[in-house]
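This report goes through one protein model, from a loop residue to strand pairing, salt bridges, side-chain surroundings and a surface patch. The sequence and structure come next.

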Amino acid sequence: MTKKCKTLLILLLGVNFSMTAQFGFSHEVGAFVGGVAMQSDFGVRHDFDTNKGNTGFAVGLVHYLNFSYRAECNCYTPETYFNDHFKLRSELSYNSTNLEHFGKWVDKNSITGNQLKAMKGEAKVTDIGMQLEYFPLSIREFTATDGAWGPFIGLGAHYTFFQNGTYSELGAMDTPISTPVKYYGAWSNEGGTTWSVVASVGSRYKLTELSDLFVELRWQYYFSDWVDGLNPDPNLWPENKANDWNAWFHFGYIYYLN
């Protein structure tokens with residue numbers, strides 16, 4: 001984990017625990033694991049083989065501020081709509097995807113097709129951020145009912161650290177043997193940082209009095225087109241003008257701290 005990432009994590013946890021000390025909220029912690037599908041300049045967008053092939057894994061740790069319950073007095077907070085329907089989530093997560101070109105251009109038996117077929121990449125991404133989750137049903141009622149379902153939607157922002165690695169099995173990049181003209185000077189293996197916005201929909205399942213399971217589908221949009229390691233000139237290649245984004249699907253476990 002980079003020094004910046006550690007600093008941001010400490011800052012987020014400090015803010016959360018400071019809010020708890022001042023306002024008396026309770027904590028929840030958990031973890032999740034699942035898959036991620038990367039939508040990038042590798043492959044053809046909206047192509048089934050691309051969506052199926054450019055997939056990877058994701059893991060993460062989460063922390064929630066529960067506004068409806070005060071742990072220090074083992075009692076509920078004053079009932080308001082916000083307290084009974086919202087939670088604040090902090091997250092540290094990691095996902096990794098090996099990338100290849102798929103689609104009609106790769107399938108052609110041509111110089112460009114063979115070059116695309118030989119081009120590989122990877123996107124290793126660490127995220128740290130927060131999102132506000134809205135529960136349409138009462139959080140109090142969900143907490144008190146074993147076997148209950150608690151659907152939610154969420155919206156937030158993450159700071160993203162990415163490391164990419166683009167290469168060709170035909171040899172060094174930026175040569176007529178290995179690289180299509182489209183990607184001359186438009187590849188990277190250095191990585192970087194950017195911001196991203198996340199939106200999710202999911203549900204919790206009340207497993208026991210102090211634990212939940214959850215499932216979540218998430219969309220994440222990066223404010224950079226370099227996350228995958230490719231960034232062709234959008235003025236010359238408008239089909240690649242969109243920034244990178246991905247879709248997550250994962251399962252997790254939440255534990256309530258007293």
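## Loop, strands and charged pairs

Asp174 lies in the loop between S8 and S9. Strands here are DSSP runs of E with at least two residues, helices are runs of H or I with at least four residues, and both are numbered from the N terminus. The phi angle of Asp174 is near 65 degrees, a positive value in a residue other than glycine. At 33% relative accessibility, Asp174 counts as partly exposed; buried means under 20% relative accessible area, exposed over 50%, and partly exposed in between, with a 1.4 Å probe and protein chains only.

The model is predicted, with local features requiring pLDDT of at least 70 and side-chain atom pairs counted only at pLDDT 80 or more, while totals for chains, interfaces and linings use all residues. Residues are numbered from 1 along each chain as its sequence is written, and side-chain values use heavy atoms, with hydrogens and water left out.

**Strand pairing**

Two strands pair if DSSP finds at least two bridges between them. Strand S1 (residues 26-39) runs antiparallel to S11, and 13 bridges join them. Gly34 faces Ala58 in S2, and Ala37 faces Thr55 in S2. S2 in turn pairs with S5 in the antiparallel sense over 11 bridges. The bridge partner of His63 in S5 is Ser90.

**Salt bridges**

Side chains of opposite charge can pair when their charged atoms come close. A salt bridge is taken as a side-chain nitrogen of Lys or Arg within 4 Å of a carboxyl oxygen of Asp or Glu, and by this rule the count comes to 13 salt bridges. Three of them are listed below.

| Salt bridge | Closest N and O atoms |
|---|---|
| Arg89 and Glu91 | 2.8 Å |
| Arg89 and Glu216 | 3.1 Å |
| Glu239 and Lys182 | 3.2 Å |

Arg89 forms salt bridges with Glu91 and with Glu216.

Glu239 is partly exposed, with a relative accessible area of 46%, whereas Lys182 counts as buried at 17% relative accessibility. Salt bridges that share partners also join Glu28, Lys87, Arg204, Lys206 and Asp212 into one network.

Ser196 is found in strand S9 and is buried, with a relative accessible area of 1%. The side chain of Ser196 makes a polar contact with the side chain of Thr160 at 3.2 Å. A polar contact is a pair of N or O atoms within 3.5 Å; within protein, one must be able to donate a hydrogen and the other to accept it, and residues adjacent in sequence count only if both atoms are side-chain atoms. Leaving aside neighbours within four places in sequence, Ser196 is in contact (heavy atoms within 4.5 Å) with residues including Asp127, Gly156, His158, Gln220 and Tyr222.

His85 belongs to helix H3 (residues 81-85). His85 is buried too, with a relative accessible area of 9%. A polar atom of the His85 side chain lies 3.3 Å from the backbone oxygen of Pro136. Not counting residues up to four places away in sequence, His85 touches Glu133, Tyr134, Phe135, Pro136, Leu137, Ser138 and Ile139.

**Nonpolar surface patch**

Val29, Leu207, Leu213, Tyr253, Tyr255 and Leu257 form a nonpolar patch on the surface, with about 470 Å² of accessible area together. Patches are made of residues with over 30% relative accessible area and no salt bridge, like charges being joined within 9 Å and nonpolar side chains (Val, Leu, Ile, Met, Phe, Trp, Tyr) within 5 Å. Accessible areas come from the Shrake-Rupley method with a 1.4 Å probe, and for residues only the protein chains shown count as cover. Strand S11 (residues 245-257) gives the most to this patch, with 3 residues. Leu207 lies in strand S9 (residues 192-208) and is partly exposed, with a relative accessible area of 39%.
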